[in-house]
Amino acid sequence: MTRKNTLRFSLAFSAAGLVLAGCAGSMQQGAGMTPAELDALTQKVVKESFRDKGIVKVSQAFADDPTTRACDASDVAGQPLSAERAKEIEALNMKTIRWPADGKYLGDWKEGEKIAQSGRGRTWTDKAGAANGGNCYNCHQITKEEISFGTIGPSLYNYGKIRGVTDPNSPQTLEIVKYTWGKIWNSKAYNACSNMPRAGHAGILDENQVRHIVALLLDPKSPVNR
Amino acid sequence: MRKTTLCAVLALAAFAPHAWAQKSTSDGIAEYREMLQDGNPAELFEAKGEDLWKQKRGPRKASLERCDLGKGPGVVKGAFVELPRYFADTGKVQDLESRLVTCMSQLQGIDPKEVIDGAWGKGERANVTALATWVGSQSKDMKFNLPQSQQQERAFYEVGKRLFFQRGGSHDFSCASCHGEEGKRIRLQDLPHLSGKAEDGVGFAAWPAYRVSSGEMWTMQHRLNDCYRQQRFPEPIYASDATIALGVYLGVNARGTKSAVPAIKR
C-alpha cells in the first residue's frame, strides 16, 4: 500500500471514530464501526487487494450477485436465511436452469466419471478454452472404486439405486432425472446457500458434460449403482 | 528418497480395501510426516533467515537487528505468535512478512516492490520467506496471543471474517466452503476448521511450512495465495490488506493454540 493509501485509510478510521463516538451500542464488538461500515471497509480492502491474473478477472470474480451477497451476509451474522428469503433465492436460480433442448438428460457414464475425476479449470494457472472438470470427487464419494474422495458434500454412492431408478428413461423417473440435471446446472435452485458450484449456470460444464454426469449418477450400468 | 516414501505409502493404500485404506493412508502420511520431523528441510531456511537478519545488507548496509516486530527493536522470541498486529509507526496492521518488508525498507533501504511484485522463491521475496521461517521458529511451541487492544486490530478481525465468508469467482467458493466445518476433507486431505475451535499446530499455527510435494518453503502469504488460486479468485497482492485481515481473523481464532512453525507438509 502506498503512503497516500495509508493516510486515506487512517482518515477513514478517524472519521468513523468521530462520527460514531458515543453510539457504541451499534458498533460491532468494539471495532469502532457499525456492521455496514465494516462491510464497506471490506469492499474497499477487496478492491485494493486483488489483481487480474491469467484468465481470472477481478471484475468477474467479484461481480455483484444477489445469491452470494445474501448467503455471505448470513454466514457473517451466523444466522441462516429466513425460509422466505431462501425460497426467493432458490426461485431466482431455478429460472436460470437450461433444460436439454432435445429432452435427452443422460449421456455416457464413462465420460461422466472422467469429468467427475477432474478438478481442472478456471484457476489463474489454467488456460482459457481448455475443458473444465467437475471437481465432483473433491467433495463427494461417488463410486466405490475411487477411495480418494472428499467429504464436504454427501456420498453419492448408489445415488440412482437408492432412489429406485431402474430405467432412467421411464416417465416415472422423470422427476428425479430433472432434479439431478437441475442440481448440477444450478445447485442454488434447490439450496440457496449450497457449497456446490453452479456448474451449468456458471459455464463450468457444458450441456454435454452435464449429461455425462447425470448418467454417472443415474445409469443402472454406472458403477455408482452397481 | 522422501518422495519415494510417500509414493510407497499411497501405492500401498491404493490396493487396500477402502475403509481400511482411508484410515491407513492418513495414518501413513502422519507417520511419514513424523519421520521427517527429525530432518525438516525448513532448518536450511531457518539458518538462511538468521543469517539474513544479522547480515549488513541493502543500499544502507545495515542489519535487521533493530527491527521492531511488535515487542520492541530486536526482540524476536515471541513476536511471531502476536502477529498480525497494529504498528503505530506505519499506522497499519501488519503481518510478519509485511513487517519484515517495512524493516528491510526502513533499515536497509531495500525497495518493498522487490518483494511485493516479486516471485515466490526468488530474490528479496525468497529472503523474506527465509526471514519469516527463522522468526517464526523462535516462537515454536508458544501459544498464539494476537493483540486486539487497538481499534484497527478489531476492525481487521471483522474485515477478515467477512473475507473468510465471501463467495466469489466462477465456482462461488469462499474460504468457508472448505474450512467452515469440523472434520471435512478434499479428496483424502484433511481440512483445518478455521472459523471454529483451533488445534495446536494446525491451520494458522502451521505456516511457514516446508512443502514436500513442491520442495518449497511456504509462508502464510504463499499459503493464502494458493488457497485463493484454488478458490478461482484473482490473485491477492502480496501483503495486501485482504491477506493481513484474513491473518488477523485466523490468528485471533487460533488464540491459545501452540505454534508448530516451521511445520512440514505433504
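A residue counts as buried here if 20 or more other C-beta atoms lie within 10 Å of its own, as exposed if 12 or fewer do, and as partly exposed in between, with C-beta atoms placed from the backbone. By that count, buried residues make up 46% of the 266 residues in chain B. This is a predicted model, where local features need pLDDT of at least 70 and side-chain atom pairs count only at pLDDT 80 or more, while totals for chains, interfaces and linings use all residues. Residues are numbered from 1 along each chain as its sequence is written, and chains are lettered from A and ligands numbered from 1 in the order in which they are written.

Chain B has ten helices and eight strands; helices (H or I, at least four residues) and strands (E, at least two) are DSSP runs, numbered from the N terminus. Contacts need C-beta atoms, placed from the backbone, within 7 Å. Of the chain B contacts with a separation of 6 or more, 67% come from residues 24 or more positions apart.

A nonpolar core is a set of buried Ala, Val, Leu, Ile, Met, Phe, Trp, Tyr and Cys residues joined through C-beta atoms within 7 Å. The largest one has 74 residues, and B:Leu131, B:Ala245 and B:Val248 touch the most other members. Helix H10 (residues 241–253) of chain B gives the most to this core, with eight residues. Leaving aside neighbours within four places in sequence, B:Ala245 is in contact with A:Val45, B:Phe156, B:Val159, B:Gly160 and B:Leu163. Apart from this core lies another, of 27 residues, including A:Trp109 and A:Tyr159.

**A helix crossing**

The axes of H3(B) (residues 42–54) and H6(B) (residues 123–137) come within 7 Å and cross at roughly 100 degrees. That makes H3(B) roughly perpendicular to H6(B), a label for angles of 65 to 115 degrees. Axes are lines fitted to C-alpha atoms, for helices over the stretch in contact, and angles run from 0 to 180 degrees between N-to-C directions. Among the residues that meet are B:Phe45 and B:Trp53 in H3(B), and B:Leu131 and B:Trp134 in H6(B).

**Where the chains meet**

50 residues of chain A are in contact with 44 residues of chain B. H2(A) gives the most to the chain A side, with eight residues. There's strand pairing across the chains too (two strands pair if DSSP finds at least two bridges between them): two bridges join E1(A) to E7(B) (residues 235–236), and these strands run antiparallel. A:Phe50 has B:Pro236 as its bridge partner in E7(B).

| Strand pair | Bridges | Residues of one strand |
|---|---|---|
| E1(A) and E7(B) | two | E7(B): residues 235–236 |
| E5(B) and E6(B) | three | E5(B): residues 209–211 |

**One more residue**

B:Gln106 lies in H4(B) (residues 96–108). Is B:Gln106 buried or partly exposed? B:Gln106 is partly exposed, because 18 other C-beta atoms lie within 10 Å. B:Gln106 and B:Leu64 are 42 residues apart in sequence and 9.6 Å apart in space, C-alpha to C-alpha.

Key:
Parallel < 35°, antiparallel > 145°, perpendicular 65-115°, else oblique. Contact = placed C-beta atoms within 7 Å.
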